[in-house]
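Please keep the sequence and the structure in view while reading.

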Amino acid sequence: MIKSLKRFVSAENPDKGAKRTKEELLESIKSAPLPEHVAIITDGNGRWAKKRGLPRTAGHAQGMKRVRETIRAADALGIKVLTFYSFSTENWKRPQDEVEYLMKLPIEFLKTDLNELIERNVKVQMLGEKSKTPSATQQALLAFEEKTKDNTGLILNFAINYGSRDEILQAVHRIIDDVQNGHIDKEQVNEQLMSQYLLTKGLPDPDLVIRTSGEIRVSNFLLWQLAYSELLFTDVLWPDFTDEIFYEAIEDFQRRSRRFGAV
Ligand SMILES: CCc1cc(N2CCCCCC2)n2ncc(-c3ccc(F)cc3)c2n1
């Protein structure tokens, strides 16, 4: 029998008993090791808007607010790396007006959030090929990187125009070049070296990958890096994702970690 993948049940689900307060959840997760790196596939924005008879862009706008709040929650917890899958290479196929709206979000975020991120000592990095984004978007992305490059706090990654298979292929091509030009020997090519050729160079692999909206797929996201990650899927749509659900996801991760290695 194929066991259906256990879905994470969020705080919203009454079957999980009395809903705990944010404080109770915080107390619970602070009593065990936190994930060092959390990666989030922020799915469900269009569906959230459709359920309310709103344009899809309203879902992205609300989703942006949840990005802001989740950054604050992760920073307050002391999580070291937080990665958002913001725009995949597949997303270019969406309607032009939606893509244009999405491409303006980093520009908006720069105006509204850069100062706070600097105050929080957050280092913002991009994963993906910035060059395909519009010039104004590129300038915003580069500004985030430049103005936070010396910060030593939370490392905040936005995966934009990112596809994992493309990332892996580009790494393989660069490794082949470096073997052919004598920069490295073929015998040196191992998992550790491969990691150094990926866009996530220097970052720890994600301990916890969260995907919202009920889709149980990783969608070409961090395929190499998530080899040993805990994958957590919740039916909650990203715009409805709350701090409480974030804490419960971390608590679920901590429960699994305690079992890891147990027979
Ligand atoms: C480029 C498309 C896009 C979409 C998007 N969404 C749409 C996807 C899900 C919901 C959140 C809002 N966000 N959210 C933050 C950023 C962002 C990216 C880079 C940066 F430096 C600062 C902010 C973002 N970028």
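## The shell around the ligand

The largest share of the shell around the ligand, 5 residues, is supplied by α4, where helices (H or I, at least four residues) and strands (E, at least two) are DSSP runs numbered from the N terminus. At least two shell residues each come from α3 (56-77), β2 (81-88), α4 (96-119), α5 (135-148) and β4 (155-162). The model is a predicted one, in which local features need pLDDT of at least 70 and side-chain atom pairs count only at pLDDT 80 or more, while totals for chains, interfaces and linings use all residues. Residues are numbered from 1 along each chain as its sequence is written, and side-chain values use heavy atoms, with hydrogens and water left out.

There are 19 residues around the ligand, of which T42, N45, M126, F144 and I160 come nearest; a residue is near a molecule if one of its heavy atoms lies within 4 Å of it. The protein covers 99% of the 520 Å² of accessible area that the ligand has on its own, as computed by the Shrake-Rupley method with a 1.4 Å probe. By class, the shell holds 14 nonpolar, 5 polar and no charged residues, with Ala, Val, Leu, Ile, Met, Phe, Trp, Tyr, Cys and Pro counted as nonpolar, Asp, Glu, Lys and Arg as charged, and the others, Gly among them, as polar.

## Aromatic pairs

The count comes to 11 aromatic pairs, given that rings of Phe, Tyr and Trp (its six-membered ring) pair if their centres lie within 6.5 Å, and that planes under 30 degrees apart count as stacked, over 60 as edge-to-face and the rest as tilted. One of them joins F87 and W92 edge-to-face, at 4.7 Å centre to centre with 70 degrees between the planes. F87 is buried at 3% relative accessible area, whereas W92, at 21%, is partly exposed; buried means under 20%, exposed over 50%, and partly exposed in between (1.4 Å probe, protein chains only).

Y162 and F221 also form an edge-to-face pair, at 6.1 Å centre to centre with 85 degrees between the planes. Because Y162 lies in strand β4 and F221 in the loop between β5 (208-211) and β6 (230-233), this pair ties together parts that are 59 residues apart in sequence. Both Y162 and F221 are buried.

Ring pairs also link F84, F109, F144, F158, W238, F241, F246 and Y247 into a cluster.

## An exposed tyrosine

Y228 is placed in the loop between β5 and β6, and Y228 is exposed, with a relative accessible area of 76%.
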